Amino acid sequence: MARVKLVRIAHARSGDKGDTANVGLIALRPEFYPLLVQKVTAERVKEHFAGICLGAVQRFELPNLGALNFLLHESLDGGGTLSLKADAQGKTYGAALLRMEIDVPDDFLK
Amino acid sequence: MIRIANGQGFWGDSLEAPLEQMRRGPLDYLTLDYLAEVTMSILQKQRSRDPRAGYARDFVEMIGRGAVDIASSGIKIVANAGGVNPDACRDAAAKALNRPGTRIGVVAGDNILDRLEALTARGVELKSMDTGEPLASILPRVQSANVYFGGEAIAHALAQGAQIVITGRTTDTGLVLGPMIYEFGWKANEWDKLAAGTIAGHTVECGAQCTGGNCQVDWQDLPDMAGIGYPIVEAEPDGAFVITKHQGTGGRVTVESIKEQLLYEMGDPREYITPDCIADFTSIQLEQVGPDRVRFSGIRGKPATDMYKVSISYSAGFKAIGTLMYSWPDAYAKAQAADAILRERLHRLGLRFDAIRTEFGGVNACHGTLAGEPSPEIAEVVLRVGVRSTERAPVERFTKEIAPLALNGPPTVTGLGSGRPKVEEIVAYWPALIPKTEASPAISVEET
């Protein structure tokens with residue numbers, strides 16, 4: 001097994017709805033998608049965003065786009081204009097998720 | 001096939017984009033999205049000071065600068081520029097256009113601020129979709145309240161011969177869907193087609209964010225980002241469409257750039273709810289059919305709900321954010337020490353806040369502890385401290401405690417910039433639902 005950061009196999013975009021951030025995680029190649037589904041679970045994402053996401057994490061699958069969508073509840077210090085965060089809209093959370101490392105088979109990226 | 005362009009992703013977006021869209025090639029429609037969630041409250045404040053204000057002034061300026069193009073091409077323009085005063089926006093736009101005989105439509109009826117008391121009194125609770133609380137708890141602090149109408153109202157205005165349609169708080173997606181409903185004669189129960197138009201609207205509503213803007217894939221190699229092209233929808237009557245941009249513009253339309261935008265501000269992808277329909281984003285089939293051309297097909301939709309969403313804004317206290325910059329050596333340690341000193345002073349002054357938050361720019365402001373520990377040799381760190389309170393006084397006092405650190409705190413500090421931070425009034429957002437029977441669009445089309 002080898003460990004890779006998600007940034008090598010996926011791209012992402014994030015945004016906000018109130019105090020909830022959404023992170024869309026998209027496989028860079030179709031064959032990477034099943035691995036994202038298997039490894040990047042809601043639990044894993046909740047753990048990854050410890051200290052940032054204070055609420056629940058929901059995950060939705062979009063196999064047609066090779067993508068997962070995560071909702072990170074209670075993640076923006078109240079959200080919108082209430083928030084004191086520099087990133088009050090969670091615009092950089094997509095990149096934060098791409099820091100996650102997952103195990104892949106040794107020959108996976110060859 | 002009709003060509004529907006977006007020339008504005010939010011109020012504050014490029015002033016040149018709408019003009020470039022019109023001048024670079026044939027289009028049937030130009031759509032412009034000016035309204036974000038908190039924009040309505042800003043406009044409401046402007047209108048309370050001046051009864052002729054309360055709309056997106058950038059739009060009127062654009063109409064003036066583009067008047068010749070609008071008249072010569074016959075392009076139709078759909079914009080939610082009306083804010084809380086669409087009639088005043090129409091009058092100003094007519095004047096800027098200066099072409100007698102032009103038919104301008106207005107979609108209003110969304111502003112329910114004056115009706116809130118009556119509505120809540122007879123049991124329309126307008127509960128917060130976030131917290132479930134009834135509106136009554138904040139009613140005296142409400143500043144604006146607007147129903148989101150959809151594309152159907154815009155289609156009605158177009159059917160009455162409007163060349164320019166100005167709306168209040170319609171959905172961003174409706175700006176694009178409306179022209180399709182009108183041009184293709186889509187029926188109110190053709191859910192798959194309405195969903196397709198809605199998804200086309202979602203794709204282009206943020207302007208160049210689908211043509212390479214903010215795109216993580218190959219961002220270093222995207223051509224001419226200074227001249228980035230804004231998106232164009234080439235729509236077919238059966239609901240299939242292609243997203244593209246004018247030839248010779250910068251940026252890039254790829255499956256990757258499109259996917260990123262599709263997921264932007266997404267909730268449950270199977271249930272994207274608008275006043276017109278519920279769109280299923282898991283049904284979308286994408287195909288790169290040429291350079292800067294991505295085709296959408298297979299889109300499925302479901303019946304609309306019997307509710308409209310309402311965007312309510314209310315006064316929610318005060319906040320202020322101050323920053324100072326610390327340089328090497330020990331930049332991070334100095335910024336941390338300054339933060340501790342500041343907090344101790346606020347404590348000794350007996351100031352109480354609902355929230356106080358410290359971030360260190362260059363260290364953890366974006367990604368928190370995920371970013372890891374910074375190098376001890378880090379070149380500089382920005383200390384950023386914010387406070388929030390329902391009272392103005394402690395926030396005001398806080399703004400006067402940042403500047404002294406420029407002289408009486410840790411060394412190698414700079415970046416006080418323009419002096420004391422400003423106290424901001426917080427206008428917060430209260431999303432709610434209202435039965436469709438309680439509000440309906442008021443459509444008028446008049447000749448200038």
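In what order do the 10 strands of the open sheet in chain B stand? The order is S11-S12-S8-S7-S1-S2-S3-S6-S4-S19, with mixed pairing. Strands here are DSSP runs of E of at least two residues, helices are runs of H or I of at least four residues, and both are numbered from the N terminus. Two strands pair if DSSP finds at least two bridges between them.

The model is predicted: local features need pLDDT of at least 70, side-chain atom pairs count only at pLDDT 80 or more, and totals for chains, interfaces and linings use all residues. Residues are numbered from 1 along each chain as its sequence is written, chains are lettered from A and ligands numbered from 1 in the order in which they are written, and side-chain values use heavy atoms, with hydrogens and water left out.

Chain A contains three helices and six strands. Along the sequence they follow the pattern β-β-β-α-α-β-β-α-β. The radius of gyration of chain A, taken over C-alpha atoms, is 14 Å.

Chain B has 13 helices and 19 strands. A compact globule of 448 residues would have a radius of gyration near 22 Å, and the 24 Å of chain B agrees. The C-alpha trace of chain B spans about 70 × 55 × 45 Å along its principal axes.

The edges of the 10-stranded sheet are strand S11 (285–290) and strand S19 (442–447) of chain B. Each has a single partner strand, so one side of each is left without a neighbour in the sheet. The twist averages 20° from one strand to the next. S11(B) pairs with strand S12 (residues 293–297) of chain B in the antiparallel sense, over five bridges. Within this pair, Arg295(B) in S12(B) is the bridge partner of Glu287(B).

Parallel pairing occurs elsewhere in the order. Strand S2 (residues 29–32) and strand S3 (residues 76–79) of chain B run parallel and are joined by four bridges. Leu32(B) has Ala79(B) in S3(B) as its bridge partner. S3(B) is also joined to strand S6 (residues 164–167) of chain B, by three bridges and again in parallel. Here Ile164(B) in S6(B) is the bridge partner of Ile77(B).

A further open sheet in chain B has three strands in the order S9-S10-S13, with antiparallel pairing. Strand S9 (272–273) and strand S13 (300–302) of chain B are its edge strands, and each pairs on one side only. S9(B) and strand S10 (residues 278–280) of chain B run antiparallel and are joined by two bridges. Tyr272(B) stands opposite Ala279(B) in S10(B). H9(B) packs on this sheet, touching S9, S10 and S13 of chain B. The direction of H9(B) makes about 110° with that of S13(B).

Helix H9 (residues 191–204) of chain B also lies across strand S1 (2–6), strand S7 (232–235), strand S8 (241–244) and S12 of chain B. H9(B) runs at about 5° to S8(B). Axes are lines fitted to C-alpha atoms, for helices over the stretch in contact, and angles run from 0 to 180 degrees between N-to-C directions. Contact means heavy atoms within 4.5 Å.

Two helix pairs in chain B were examined. The axes of helix H7 (residues 151–159) and helix H8 (residues 174–184) of chain B come within 7 Å and cross at roughly 50°. H7(B) and H8(B) are therefore oblique to each other; angles under 35 degrees count as roughly parallel, over 145 as roughly antiparallel, 65 to 115 as roughly perpendicular and the rest as oblique. The crossing is right-handed, a term for a near helix turned clockwise from the far one by less than a right angle, with left-handed for anticlockwise. Residues of H7(B), including Ile154(B) and Leu158(B), meet residues of H8(B), including Leu175(B) and Ile181(B).

Helix H11 (residues 331–348) and helix H12 (residues 392–402) of chain B pack at about 140°, with their axes 11 Å apart. H11(B) is thus oblique to H12(B). H11(B) passes H12(B) in a right-handed crossing. Leu342(B), Arg345(B) and Leu346(B) in H11(B) meet Phe398(B), Glu401(B) and Ile402(B) in H12(B).

Conventions
The radius of gyration is taken over C-alpha atoms; the globule rule is 2.2 Å times the number of residues to the power 0.38.
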